[in-house]
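Try each task yourself, then check the worked solution.

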Amino acid sequence: MRDVDKTKAQLVEELAAVQQHAAALEARLRSMEAMEVECKRAEAVLQLFVDAIPDTAFLIDTEGTILVANSVLAHGFGKQAGELLGRDVFDFLPPDVAATRRARLNQVIQTKQQMHFEDEREGRFFLNYICPVLDAAGCVSQAAIFAIDITERKYMEMRLQESEARYKAIVDMAPEGIVTASLSGMVLTCNPAFSRLSGFSEEQIVGKHLSQLPTINLKDLPWYLKTLAAIAQHGVDAPVEFPWMHKDGERRWGEARISFIKEEGKAIGLQAIVIDITERKRVEDLLQALNQASLAMARALTPQEIFDAIAAQLDALGFACGIMLYDEAQQVIRPKYLSYHLKVLRAAERMAGLRAEEVCIPIDTAEEYDRVIRRRETVFVKHAEDFMRQVLPRSLRRLTGQIRRVLNVPRFILAPLIVTDRVIGILTVQADSLLESDAGAITAFAHQVAGAWQKANLLEVTRQSEERFRVAFHTSPDAVNINRLRDGLYVDINEGFTALTGYTRADVIGRTSLEINIWANPEDRARLVAGLREHGSVNNMEAGFRYKNGLVRMGLMSARILSLEGEPHILSITRDISERIEAQAELARLQNLLQNITDSMPSALITLDVSGRVLTWNPEAEQMTGYEVHQVVGRPVWEACPLLARYRDLVAQVLEQDHALQRHKDILVAEGGTLYRDVSVFPLIANGIDGVVLRIDDVTRRVQMEQMMLQSAKMASIGGLAAGVAHEINNPLGAMMQSAQMLQIAFNTHLPRTRRMLETDGIDPGALERYLDQREVHTYLSGIRETGARAAKIVSDLLSFSRQSQADAAFHDLNALLKQALELATADYDLKRRYDFRDVEVVWELTVGLPKVLCDGQQVQQVVLNLVRNAAYAMAERPDGSRGRLTLRTALGDEGVRFEVEDNGPGIPKAMRERLFEPFFTTKEVGSGTGLGLWLCWSIVVDRHGGRIWVEDGQAGGACFVVELPIGNVEEGDVDETRSRSGR
């Protein structure tokens, strides 16, 4: 019906409908404007902060959406700051740069650590910082990004590194064509890259005037000459685009950056850096078309409107496009929007026998879909028919060629649509003129499409964000409040504030913090305000707060400035940490107590981490090793204290097996003698520290006492046995010796009686004497008597020392006893016969004023005599035949009075020392000793006097026997006086 044929009522009705529709649109617009004002007010404070920064600064969420941006960033993108809000920052970057930046953002989100790096953009250098912003849960919710222009510094560094010697090599290796010419236009040089670029050799270029170059078309020559004259006169400050001819006859486009070659400040020639921009020009045309599509798309409000805007612009270029949505649950792709002409699409649907909306393609049917969806790559498909045959249902594959021709899909590009770091679908662009190099532009456009898609949901997201803030504010268990900055007036509080402080909303709203006297120290508020004014935020500030009941508690406060209705306010979150502080104090007290216990332990206690580095080192460890704590803590113990390297395997075994190990009576040979240690290693797993505890106890004294007790028990049992054996041996031994004596008398042919009896029996005494001499009978009989005498002496000694008696104990001067014993030794016939004491140097080192010792003087002299005999025998065995030296010394020991007998003989091997004091053990040759001398010394000193006897290495390389009589056997009053004289 024509308008002129309509009735007035119909026109009025239509007008009312139009007005109603306009009113609805106006209401919707007002709602959107109100929500936009609310968002701008919430972001105003951050905008003020970033606008004050002289370098690029902006705030994005974890998906890359720009939340706040300063004018420097907007200028760099050629936009106003407000135009950037809500846009994906990666849409403004080249695809490769965007991918790198997104990967770095993801790394910051995962590690929660700040990242900085340098990059170059359009000839300028920037130092970039990506700083994570954590939410209350400790997760990264946003990222602050700063870019500081360091171009001047970079160029200064590069100028310092340049040198004339490397210029030629750089030019030859440069990927861009480099040509130099005189001011008149004569070509002077060209590099290999220019030859490759143009297809002409260096000989065909160099030495010719610009008007004669084979790369210049004659119709372009006037333009070249005019441009050259303008450059020579005025210079050039921007790249120059120019047409040129390739050797293959194709017309191409190049871009030249032209600069003067100067000598002493005067221009003498021109240098041009040339690149082929033929492909870029074609891409720019495509980008211009895509930009028009982006502008149209930005005005759309729904996904359908967005696609319609895209399709309209791309259709003008002869491109078809489509959007296929990804069903993540079913792992399939479904066509949603297609820009094919409706008649063409319906024809293809009739051929296929199903509608496009019904097509469902699993992504696993084609590698291309997997690359786009899962690996987020843009894919160029050169042979569309092969690809369609792969993805179409089996029943349609025979029709693939016809469907492709109907839809005119010779080749296409698949680009992922990514929203909030999730692929929601695929943007497809089809055209016969598409090249693989167009993938970058299509990828960037796909990001814009995804950004517009996200913008369509921005209002809903904003509403949900505000709701989440409201819920977080009012449900937080911490005290959250908003105060006016200038006077502390309370604007809002949450339930956590009332629960923590006891104040209700009526108590605080409209009043200042000083009025309700909530600050235990008002200076803390001044400190908070000063920090906020200086930095914009304060984190983890400890302060005391007075609750409504008057109780003062400690709180941990974090706050930042926000703007409400144009006035700065404080948003603060406070957590009661009084219990934590009390717990920390108690922990410190317990740690101090534990440290005192560790320091006072008689054991060396060392804590190591898993790599062997020292964590703790108590005073006993210092005393035992000689290394102080500052010399070892933090260093590998095996390097800091080599003495402990012997326990490295034990520590490694504990770390591997994770249970304690011990090593008892570990022997350590030191300068002062043999030391014994008990070593225990315990695994340590506490407070995040893995390692071991090494405990070392010096048990040398205990081991020596155990050895003495064992030796004492052994000697007691052997002594009793020896006494019984001696009685049993005495009788047959006496009969044997008596029989040998009677045989000697009977065979003595010199006795008159024996001669008469032999002659009476007709035996020639002379012949018998010769026979006995020949058979050495007299020698054998003498040997029997001597051997019997030695055995009798052993038996006598066993009987003598098996009797425990101190009937002859008295106080004796130890120095006098030693001198008397040595006089007896020098007068001893057997000693004089075997060892000449005139060849022995006797050295006396006697301490004057020693206390007298309660002992059996004769037995002590016997000990000295036995030790001197052994020393004399040892010195006689010296292989070098040098003069022997016998040293006798006395001193006041730690537990009594001691004397030493030292020789310069060959010494006693350590392997034999443990058996030296056992009965019948001797180091002498067979027949040269009985093995009872040292046993008797041990019995006299230990059993009968309660003392100690041991052997050490002598100062001159021989052996030194030490005898110590206990201090309890010293006359009263002598000990203190003697110690004062000896300075101990």
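**Exercise 1.** Is D487 buried, partly exposed or exposed?

*Solution.* Keep in mind that you're working with a predicted model.
- Step 1: grab the relative accessibility of D487, which is 23%.
- Step 2: compare it with the cut-offs, where buried means under 20% and exposed means over 50%. D487 therefore counts as partly exposed.
- Step 3: look for a partner. The side chain of D487 meets that of R484 in a salt bridge, at 2.5 Å from N to O.
- Step 4: R484 comes out at 17%, so R484 counts as buried.

**Exercise 2.** Which strands hold D576 and R553, which form a salt bridge?

*Solution.* 
- Step 1: confirm the pair. The closest N and O atoms of D576 and R553 are 3.3 Å apart, and the salt-bridge cut-off is 4 Å.
- Step 2: D576 sits in strand 21 (residues 567-576) and R553 in strand 20 (residues 552-564). They are 23 residues apart, and the pair links distant parts of the chain.
- Step 3: D576 has a relative accessible area of 25%, so D576 is partly exposed.

**Exercise 3.** How many residues apart are E845 and R889?

*Solution.* 
- Step 1: start from the contact itself, a salt bridge between the two side chains of E845 and R889 at 2.8 Å, N to O.
- Step 2: locate them. E845 belongs to strand 28 (residues 840-845) and R889 to strand 30 (residues 884-892), which puts them 44 residues apart.
- Step 3: E845 is partly exposed at 38% relative accessibility, while R889 is buried at 11%.

**Exercise 4.** What is the nearest side chain of opposite charge to E63, and how far away is it?

*Solution.* 
- Step 1: find E63 in the loop between strand 1 (56-61) and strand 2 (66-69).
- Step 2: list its contacts, skipping neighbours within four places in sequence: D88, F90, R102, T420 and D421.
- Step 3: pick out the opposite charge. R102 is the nearest such side chain, 5.0 Å away.
- Step 4: conclude. The salt-bridge cut-off is 4 Å, and E63 is buried yet has no salt bridge.

**Exercise 5.** How many salt bridges and how many disulfides does a search of the whole structure find?

*Solution.* 
- Step 1: the salt-bridge search returns 26. One network links D364, E367, D370, R374 and R375.
- Step 2: the disulfide search returns zero.
- Step 3: C139 is partly exposed at 40% relative accessibility, whereas C937 is buried at 0%.

Key
Residues numbered from 1 in each chain as written. Predicted model: local features only at pLDDT ≥ 70, side-chain atom pairs only at ≥ 80, totals over all residues. Heavy atoms only, no water. Buried < 20%, exposed > 50% of the residue type's maximum accessible area, 1.4 Å probe, protein only. Helix = DSSP H or I, 4+ residues; strand = E, 2+ residues; numbered from the N terminus. Lys, Arg positive; Asp, Glu negative; His and termini not counted. Contact = heavy atoms within 4.5 Å. Disulfide = S-S within 2.5 Å.
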